[in-house]
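Please look over the sequence and the model before reading on. The report below goes from the whole chain to single residues.

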Amino acid sequence: MVAEGTILAGANPLQDQLALFLLQALLIIIFARVLGVILSYLGQPTVIAEVIGGILLGPSALGQVTAFKDAMFPKSSLPLLSLVANVGLILFLFIVGLELDPTELVQNSLQSLSISLSGIIVPFGVSVVVSKVLYDYVMVPEVPVGKIPPFSSFLVFTGVAMSITAFPVLARILAERKLLGAKVGKVTLTAAAVDDATAWCLLVLVVALINNPANSIMALYVFLVTVAWGLFLWFAIRPIFRYLIDRSPTSDTISHFAVVFTFLAVWVSSWFTQVIGVHAIFGAFLVGLCVPHKHGFAIKLTEKVEDLVGIVFLPLYFAYSGLNTRIDQLNDGFSWLMVLLVTAVACVGKVLGCGLSGRLSGLSWRESWAVGILMNTKGLVELIVLNLGLQAGVISVKVFTIMVMMALITTFSTVPIISLVYPLKYYSKELNKKEKIDREEEEYATLRRVKKEVQLSMFLTGIECVPSMITVVKMVKEGFVRSHLTVDTNEVLNGLQVSAVRVVPLTERTSAVMKAAEAVHPETIAQDSVLRIFKTFGLLNNLHIITDLIVCLVGSVGDAVIDKVEEFSSSSSEDENGLNIVMIPVVLEKKGPSSISWQSGFSENVFREDARGLQSVVEKVGCTICVFLDRGFSEGGFDLSGPKSDHDQKSIQGRSKRTVCLVFNGGVDDREAAHFVSLFANVMHIHVLRIRAGDLSDIKSLHKSSAAASTNEKTEFEVLTDVDISNSEEAKDELALEDLRKGDLVIEELNAPTVFSVASQSSSGPSHFNQAQLGGMVKAQVNLLKQNLQILADGDLLVIGRRTYETLGNAGLKAWVESDACLASASIIRGPKGKN
């Protein structure tokens, strides 16, 4: 039996309040996401898309269609939409409070305080005239007599609206522009935080005055009670937070009780500020402001709520705000003149106030104007302030719409203007020369001055990269020590430098921006779980491991890696004959094919969102590049029992050591791959599969070699390829292999391999070998190579130079290496630029 009132019974589903709300939420979220994708190509933040989406769904656009408005946003549905949107707003203001660290403001506010105050006072002053015009010619004619607020309240509100800076949007812009570590970014971020805190205090006073129009003493009393509540939270509740942080099981997690206590504090504080006559969002903001940032506690709290708030609640809030925005009322020249006037006054007041103050505080003119432009960012917080004013009755719908247009214009123009006024080239040198954080600074400075035989710089995108890289470092360290048995171990290890760099992609999440802002703090690096594992490993193995953390846009990971490599190169001294290698680990799934390619990026890596980033790293970085395709390289263990003689070596099938196999075709990349393989001396079996160049005249003799090989004689494995190597290059190749044979390592050749020949394209052989035949030969050659590589198992390592990898890649080698048919991990090596 079908229940009555359901769609199956023929009822209109939009008559059900919950069903209608869910459909509204679905439409709003999808609409905001689609606009966000479109505007992202213009470099605009998601908040702009959400605001514009709300306006388009409102009476300014789609709301003009009566059928759409009555069906999707009837007046009866707005109370529920408003209630849910305000709950989301409470959580968002809690996150805004979490972003601000008052202790940092006290430490860094000396220079920023003057900029912040100038950014409030000057816009306040210049807004007096425009406020009077708005009040007399827009506000008074629109609002019924008896509901017109006093001009003093209107003046204070418009002054706050024109002087406020949207801290969340500004922080993201600074992170995207790589300004967080520059002087301009630090000054602006601190000034914006002070600006926001001051503006919210003034807004509390404005709301108190509006809610108590006939009793100024009561309004002052409400304001003082709100301030007292904030002090109570700071001195009574903040210590409880610190106690809960210290009692957490680990510094990487926060206890369930701490989360429960936090949200109880948010709801209680929001309820208190609501009932005393100011908005509930102020209570949530105050709690967020009082949460300590110790051990990344504020960031972890943000991570727990930000997705729900950002994906669901904020679009709902801006959609509800859009229902109150009436661009259609700006239907005459005077209205648009007021939009331009308000925008010009807001921009001039903010840019001039902050810019001149910055110049007087010691910044250059270019830096001062950059600070002023950045401080003029309005965005999300401005919309919240305007909605508060509209709800309180301090501004009319038309004034609200004019101010919304001002907020959109100022926020939309910030990124392109700052790109022109303060491009990257003006502060890139400052970023490269910035002082390193005091993390055993003198010790590291001494280490960097020592000539390095081997430098390994590992860029880690997650905890899954750690096991394989630790295994690599351990093996290199053991092989390094054993190659210098007559030298003191501590002195030997001074020639080995390991750098572990944590790469955190800057996503749309607020927590990512917070990490970017705090990335320069020693505690942030010390608390990162990935880097802490490497530091502990280094201490246990007498290795000095330099750790660092970079936060970058998902689409610019390659540029961030290049910048960090250049920074390492400029601050270190390496041996000209040593190996300076950048390692990018990629963890592969053991089931199913992967779509790894030097051109298309890695499917299991942060580079998957930066298709050109990895290619950029490969093409631009001067030192050696190693992309490490990990298939459980850390799971096999390794033998530390010292070098053995040829007689004592076990067979490949029953080996006591793991195997590293080098496919050697010749050239810079393969010679550097041989150098890389030598690092594993005495720790792994080393096998070389030699690919030689030849011509058609060699076929008969080589087939005789193949026949000889079939008698189980031990011969050298030779495969001919279509690469013509000059005599001088051959000499260098032979020298590289000769160096590989030196020392205590043993090079084992494969037992009884089959020899296959492929003609060189540059040979003078018969012309009847066309491209298709040559391609077939290469493919057959690769199939033979794959058969001989089947000896590699879990825990083994295949090393191939990039040129060889790409030369044989189209014939199937690349697809085989990147599929689960290959059991071993693989390293693709690109040799250093300018090295022959």
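**Basis**

This is a predicted model, in which local features need pLDDT of at least 70, side-chain atom pairs count only at pLDDT 80 or more, and totals for chains, interfaces and linings use all residues. Residues are numbered from 1 along each chain as its sequence is written, and side-chain values use heavy atoms, with hydrogens and water left out.

**Whole chain**

The protein chain has 31 helices and eleven strands. Helices (H or I, at least four residues) and strands (E, at least two) are DSSP runs, numbered from the N terminus. Of its 836 residues, 56% count as buried. Buried means under 20% relative accessible area, exposed over 50%, and partly exposed in between (1.4 Å probe, protein chains only). The chain exposes about 35,000 Å², and carbon and sulfur atoms supply 60% of that area. Accessible areas come from the Shrake-Rupley method with a 1.4 Å probe; for residues, only the protein chains shown count as cover. Among contacts with a separation of 6 or more, 82% join residues 24 or more positions apart. Contact means heavy atoms within 4.5 Å.

**Confidence**

Mean pLDDT is 74 for the protein chain, and 72% of its residues reach 70 or more. pLDDT is the predictor's confidence in each residue, from 0 to 100. Where pLDDT is low, the predicted coordinates should not be read in detail.

**Salt bridges**

A search of the whole structure finds eight salt bridges. A salt bridge is a side-chain nitrogen of Lys or Arg within 4 Å of a carboxyl oxygen of Asp or Glu. The table lists some of them.

| Pair | N to O distance |
|---|---|
| Glu 50 and Arg 33 | 3.9 Å |
| Asp 195 and Lys 350 | 2.6 Å |
| Lys 477 and Glu 478 | 4.0 Å |

Asp 195 lies in helix H8 (residues 183–211) and Lys 350 in helix H13 (residues 333–360), so this pair ties together parts that are 155 residues apart in sequence. Both Asp 195 and Lys 350 are buried.

Glu 50 and Arg 33 form a salt bridge. Glu 50 sits in helix H2 (residues 46–57) and Arg 33 in helix H1, 17 residues apart. Glu 50 is buried at 6% relative accessible area, whereas Arg 33 is partly exposed at 32%.

Lys 477 and Glu 478 are both on the buried side of the cut-off, Lys 477 at 12% and Glu 478 at 15%. Salt bridges that share partners join Lys 474, Lys 477 and Glu 478 into one network.

Leu 23, Leu 26, Ile 30, Val 34 and Ile 38 make a nonpolar surface patch of about 440 Å². Patches are made of residues with over 30% relative accessible area and no salt bridge: like charges are joined within 9 Å, nonpolar side chains (Val, Leu, Ile, Met, Phe, Trp, Tyr) within 5 Å. Ile 38 belongs to helix H1 (residues 17–40).

Met 72 is in helix H3 (residues 66–72). Met 72 is buried, at 10% relative accessibility. Leaving out residues up to four places away in sequence, Met 72 touches Leu 20, Leu 23, Gln 24, Leu 27 and Ser 77.

**Two buried serines**

Ser 131 is in helix H5 (residues 102–142) and has 0% relative accessibility. A polar atom of its side chain lies 2.6 Å from the backbone oxygen of Ser 127. Beyond four places in sequence, Ser 131 contacts Phe 151, Phe 154, Leu 155 and Thr 158.

Ser 270 is found in helix H10 and is buried at 3%. Its side chain reaches the backbone oxygen of Val 266 at 2.8 Å. Ser 270 touches Ile 90, Ala 280, Gly 283 and Ala 284, not counting residues up to four places away.

Note on methods. Polar contact = N/O pair within 3.5 Å; in protein donor to acceptor, adjacent residues only side chain to side chain.
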